[in-house]
Amino acid sequence: MATHFDVVIIGSGAGGGTIAQRLAPTGKSILILERGEHLPREAENWDAKAVFVQHRYRTQERWYDKAGKPFTPNTHYWVGGNTSFYGAALMRLRNRDFQETPHAGGISPAWPIQLADLAPYYDEAEALWQVHGARGEDPTENGDEPPYPYAAVHHDPGIAALKGHWEAQGWRPFSLPLGIKLDQAHPVTSTCIKCKTCGGYPCLLKAKSDARSIAIEPLLDAPNVTLLTGRKVVRLETDPSGKTVTEVVCQTENGEERWSGDIVVLAAGAVNSAAVLLASANAAHPDGLANGSGQVGRNYMFHTLTAVVSLTAERQQINFPKTLACNDFYWGDPRGGFDKPMGHIQLLEYMSGQTLEGQVSDWLPPAFAPGGLFEAAAERMLSLLVISEDLPMADNRVRLTPDGRITLDYTHNNLEGHERLVKTLVQSLDGFVDQAHPICQHHFQMDSLLPLYGTAHQAGTVRFGADPQSSVLDPWCKAHELDNLYLTDSGFFVTSAAVNPTLTIVANAMRVGDHLKQRLGASAPAQTPRAAPAATRRRGHKAGESLA
Ligand SMILES: Cc1cc2nc3c(=O)[nH]c(=O)nc-3n(C[C@H](O)[C@H](O)[C@H](O)COP(=O)(O)OP(=O)(O)OC[C@H]3O[C@@H](n4cnc5c(N)ncnc54)[C@H](O)[C@@H]3O)c2cc1C
Ligand code: SF4
């Protein structure tokens with residue numbers, strides 16, 4: 001096997017999978033290095049106990065908070081990355097999300113690109129990721145978006161009732177856009193069966209639109225694409241000038257391997273990509289690769305999240321609750337009194353008793369919450385998520401300890417709009433539920449609150465911008481200081497906005513992919529790979545082959 005490729009991509013999640021998919025038709029030789037393995041298809045995929053209580057698929061890795069306390073991040077190292085576990089809510093950023101916007105807690109800075117730059121890629125991403133939605137319902141839409149490629153997922157009776165309850169208060173709830181392979185007209189043959197084990201679980205039927213099924217698996221037979229699993233990239237090495245990445249160094253169970261590419265694309269997720277750059281410090285980049293601005297690892301964001309868990313007197317007729325959302329308060333309170341952004345509300349997925357148990361088990365001793373109680377609660381439960389923008393703060397950052405462990409320094413910010421929205425939501429449920437309890441992320445430690453979402457929406461640690469003094473990447477997501485290093489995971493985000501990030505990661509990776517096609521001269525014949533030394537040839541395997 002060759003050790004040199006036209007393009008080396010690190011990570012196979014939303015950003016890595018999409019850039020691979022975009023570049024594959026060029027015929028250029030592409031190597032994807034993924035630290036995880038292929039996710040097994042097994043009964044445990046849909047077993048709440050295995051997924052949420054035993055954490056079968058979550059990394060065992062320990063990260064550290066700013067006080068040095070270890071926690072297990074809710075992150076998943078498998079082919080397809082975190083998208084195999086995500087809730088498939090695929091939202092666009094709004095026009096104003098790209099512009100400088102005052103918030104109660106400070107300024108949300110402008111992006112170096114505008115919605116118009118991403119709009120055609122959002123259209124394409126929605127088609128490719130089979131998004132079901134209803135255009136024209138969300139009051140914050142731009143107004144010029146094309147119809148969704150698939151009709152909105154029907155609401156279960158209990159959710160339709162909640163929609164009516166909100167509309168009676170003057171709210172304009174809309175159908176949450178979802179990327180699932182659902183054929184509502186033909187439920188018997190539909191790939192998606194609208195099961196109760198979606199968000200947080202891998203889909204046993206591969207009916208979830210995720211990087212695994214949409215981007216990576218269609219490439220497994222492509223002659224010019226090689227996927228190597230079990231490869232944890234630990235550092236990037238450069239030439240003496242520091243301008244070119246010359247080698248990608250990874251750890252495998254058999255020791256170190258080195259690979260090289262004309263272009264290297266980092267897509268290991270916002271935290272891990274920053275960690276790789278920091279670990280790659282050398283004489284030309286003493287503070288970490290591409291870190292002349294000092295911004296690598298900084299501006300870590302992961303949304304301010306509160307789950308509002310409500311209990312009804314009667315059992316609900318709800319199997320698939322995650323179909324409704326509300327953006328009426330996105331830019332402020334339309335009733336007056338608060339003219340700063342508050343955030344977004346969406347229904348959460350169905351929570352079984354064991355999902356609930358997994359959510360609280362880290363901080364509530366089992367004796368206080370016996371299993372039967374969780375099951376009884378689950379049958380009467382409606383869970384909603386409030387997502388608000390956390391602002392990029394230089395001191396909220398990824399650092400490495402001297403022995404290379406990941407530390408996340410994070411202090412919550414910009415809470416006023418969020419807290420107002422949580423209060424508004426709880427009040428709005430009066431008359432619909434018996435009790436509603438907010439479980440606020442910022443009242444707990446990172447590992448104990450909403451482990452389901454914990455570090456799920458990580459972003460911003462390698463931000464892009466026009467100014468090399470204040471950003472790491474240029475507007476094409478190329479490192480300002482290097483000629484051949486790009487990044488397409490959520491690290492490039494300038495702000496977190498208040499909606500789920502994946503559609504933006506995918507659309508941006510398509511945009512960067514088109515830029516790279518031009519740079520690589522897409523019509524040029526593919527480069528013939530150079531021969532690899534025997535040691536690496538033995539470890540190499542073609543896409544789809546098992547390492548076992
Ligand atoms: C439970 C859950 C629910 C979610 N729900 C939603 C939702 O409904 N909607 C939404 O938009 N988003 C959702 N998200 C967030 C979404 O999954 C992420 O935003 C998205 O996957 C990020 O894409 P990425 O490419 O930046 O990183 P990832 O998808 O995390 O991909 C990174 C990849 O890099 C690999 N990797 C990491 N380090 C290395 C290394 N050193 N060397 C080699 N490979 C490496 C990882 O194994 C992984 O495959 C959810 C996330 C979770 C966990
Ligand atoms: S079958 Fe549908 S609802 Fe169930 S996990 Fe798969 S995509 Fe989600």
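Predicted model: local features only at pLDDT ≥ 70, side-chain atom pairs only at ≥ 80, totals over all residues.
The protein chain contains eleven helices and 22 strands. Of its 548 residues, 52% are buried. Among the contacts with a separation of 6 or more, 74% join residues 24 or more positions apart.

In soluble globular proteins, nonpolar side chains tend to be buried together. In the present model, the largest nonpolar core comprises 141 residues, and the members that touch the most others are Val8, Ile9, Ile10, Leu33 and Val265. Helix α10 provides the largest share of this core, with eight residues. The surroundings of leucine 33 were examined individually. Apart from neighbours within four places in sequence, leucine 33 is in contact with Val8 and Ile10, with Leu228, Arg231 and Val233, and with Val248, Cys250 and Trp259. Two of these partners, Val8 and Ile10, are also named among the core members that touch the most others.

Ligand 1 is surrounded by 42 residues, of which Gly11, Gly13, Gly81, Gly87 and Thr502 are the closest. At least two residues of this shell are supplied by each of α1 (14–23), β12 (232–238), α6 (270–279) and α10 (502–520). By class, the shell around ligand 1 is made up of 18 nonpolar, 19 polar and five charged residues.

The shell around ligand 2 consists of Ile180, Cys192, Ile193, Lys194, Cys195, Thr197, Cys198, Cys203, Leu205, Ala207 and Lys208. Eight of these residues are classed as nonpolar, one as polar and two as charged.

Helix α3 spans residues 115–128 and has 14 residues. The distance from its first C-alpha to its last is 19 Å, close to the 20 Å expected at 1.5 Å a residue. A bend of about 30° occurs in α3 at tyrosine 121. Tyrosine 121 is also one of the buried residues of this helix, together with Leu118, Tyr122, Ala125 and Glu126. An α-helix has 3.6 residues a turn, so residues three or four places apart point the same way. The buried residues of α3 pack against β7 (131–133) and α10. After α3 comes glutamine 130, which has a positive phi near 50°.

The loop between β6 (106–108) and α3 includes isoleucine 113. Isoleucine 113 counts as partly exposed because 17 other C-beta atoms lie within 10 Å, whereas a buried residue requires 20 or more. Not counting residues up to four places away in sequence, isoleucine 113 touches Phe98, Leu118 and Pro475. Leu118 is itself among the buried residues of α3. Phenylalanine 98 is 15 residues from isoleucine 113 in sequence, and their C-alpha atoms are 7.1 Å apart.

Leaving aside neighbours within four places in sequence, aspartate 239 is in contact with Thr244 and Thr246. Aspartate 239 and alanine 284 are 45 residues apart along the chain, with 8.9 Å between their C-alpha atoms.

How values were computed. Residues numbered from 1 in each chain as written. Chains lettered and ligands numbered in written order. Near = placed C-beta within 6 Å. Helix = DSSP H or I, 4+ residues; strand = E, 2+ residues; numbered from the N terminus. Nonpolar A, V, L, I, M, F, W, Y, C, P; charged D, E, K, R; others polar. Expected span 1.5 Å × (residues − 1). Bend = angle between axes of the 7 residues up to and from the residue. Buried ≥ 20, exposed ≤ 12 C-beta atoms within 10 Å, placed from the backbone. Contact = placed C-beta atoms within 7 Å. Core = buried A, V, L, I, M, F, W, Y, C linked by C-beta atoms within 7 Å.
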